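Me: I would like to learn how to read the features of a model like this one. Please take them one at a time, with the general idea before the case.

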Amino acid sequence: MAGVGTSMLGSVLMFTVVLSLQEVYRGKLASSELFTILGGFTSSLLFLFSLTFIGNLQESSGMKSGWGAVIVAEIIALVAASTVHRVCITTCFLFSAGLLYEMSKISGYMLARAESKSKRH
């Protein structure tokens, strides 16, 4: 499993790459309905990477992550989506909600698995 520093670095790099590509292809992403939906999805990936970075930053500084990190990451993603097309804002929000739900499920699964391992030893 990746450490906090490695995860922070990876999320910043991926955020930068996705944001750069999104801005380079902004015209193409706004050109049709399907590409507009794709623009919202790429913005939701920005949500994922920024949430990972913020969560790791809070963990490394000893603070507890909460809904504040989610809201800040969502605002960052929605602002990035607004530079492409206004419909991207809506699709970004919907995709981000789905990603947040799946991340919560995976986190709960991993936590339960870690707790069961610690009880065995």
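Predicted model: local features only at pLDDT ≥ 70, side-chain atom pairs only at ≥ 80, totals over all residues.

Me: How many helices and strands are in the protein chain?
Reply: Helices (H or I, at least four residues) and strands (E, at least two) are DSSP runs, numbered from the N terminus. Here the protein chain has five helices and zero strands, and the order from the N terminus is α-α-α-α-α. Along the principal axes, the C-alpha atoms fill a box of roughly 55 × 25 × 25 Å.

Me: Which residues does UniProt list as "transmembrane region"?
Reply: UniProt positions are given in the numbering used here, with feature names shortened, and annotations may be inferred rather than shown by experiment. The unreviewed UniProt entry lists residues 6-22, 34-55 and 75-101 under that heading. In the model, residues 34-55 are 100% helix and 0% strand, with end C-alpha atoms 32 Å apart. Residues 75-101 are 89% helix and 0% strand, and their end C-alpha atoms are 17 Å apart.

Me: How do I read the packing of two helices, and at what angle do H4 and H5 cross?
Reply: Axes are lines fitted to C-alpha atoms, for helices over the stretch in contact, and angles run from 0 to 180 degrees between N-to-C directions. The axes of H4 (residues 67-82) and H5 (residues 86-120) come within 9 Å and cross at roughly 145°. This crossing is right-handed; the term means that the near helix is turned clockwise from the far one by less than a right angle, and left-handed means anticlockwise.

Me: Which residues make the contact of H4 and H5?
Reply: Contact means heavy atoms within 4.5 Å. From H4 the contact uses Trp 67, Val 70, Glu 74, Ala 77, Leu 78, Ala 81 and Ser 82, and from H5 it uses Cys 88, Ile 89, Cys 92, Phe 93, Ser 96 and Leu 100. By class, these residues are ten nonpolar, two polar and one charged. In this count Ala, Val, Leu, Ile, Met, Phe, Trp, Tyr, Cys and Pro are nonpolar, Asp, Glu, Lys and Arg are charged, and the others, Gly among them, are polar.

Me: Is Ser 96 buried or exposed?
Reply: Buried means under 20% relative accessible area, exposed over 50%, and partly exposed in between (1.4 Å probe, protein chains only). Ser 96, in helix H5, has a relative accessible area of 1%, so Ser 96 is buried. Over the protein chain, buried residues make up 27% of the 121 residues.

Me: What is Ser 96 in contact with, beyond its neighbours within four places in sequence?
Reply: With those neighbours set aside, Ser 96 contacts Ser 44, Phe 47 and Glu 74. Phe 47 is 49 residues from Ser 96 in sequence, yet their C-alpha atoms are 6.6 Å apart. Ser 44 is in helix H3 (residues 33-60) and counts as buried because its relative accessibility is 0%.

Me: Where does Phe 95 lie, and what does it touch?
Reply: Phe 95 lies in helix H5, and at 33% relative accessible area Phe 95 is partly exposed. Not counting residues up to four places away in sequence, Phe 95 touches Ile 37, Gly 40, Phe 41 and Ser 44.

Me: How many salt bridges does a search of the whole structure find?
Reply: Side chains of opposite charge can pair when their charged atoms come close. A salt bridge is a side-chain nitrogen of Lys or Arg within 4 Å of a carboxyl oxygen of Asp or Glu. The search finds two. Arg 26 pairs with Glu 23, with closest N and O atoms 3.2 Å apart; Arg 26 is partly exposed at 37%, as is Glu 23 at 25%. Lys 105 pairs with Glu 102 at 3.6 Å between the closest N and O atoms. Lys 105 and Glu 102 are both in helix H5, three residues apart, about one turn of the helix.

Key: Residues numbered from 1 in each chain as written. Heavy atoms only, no water.
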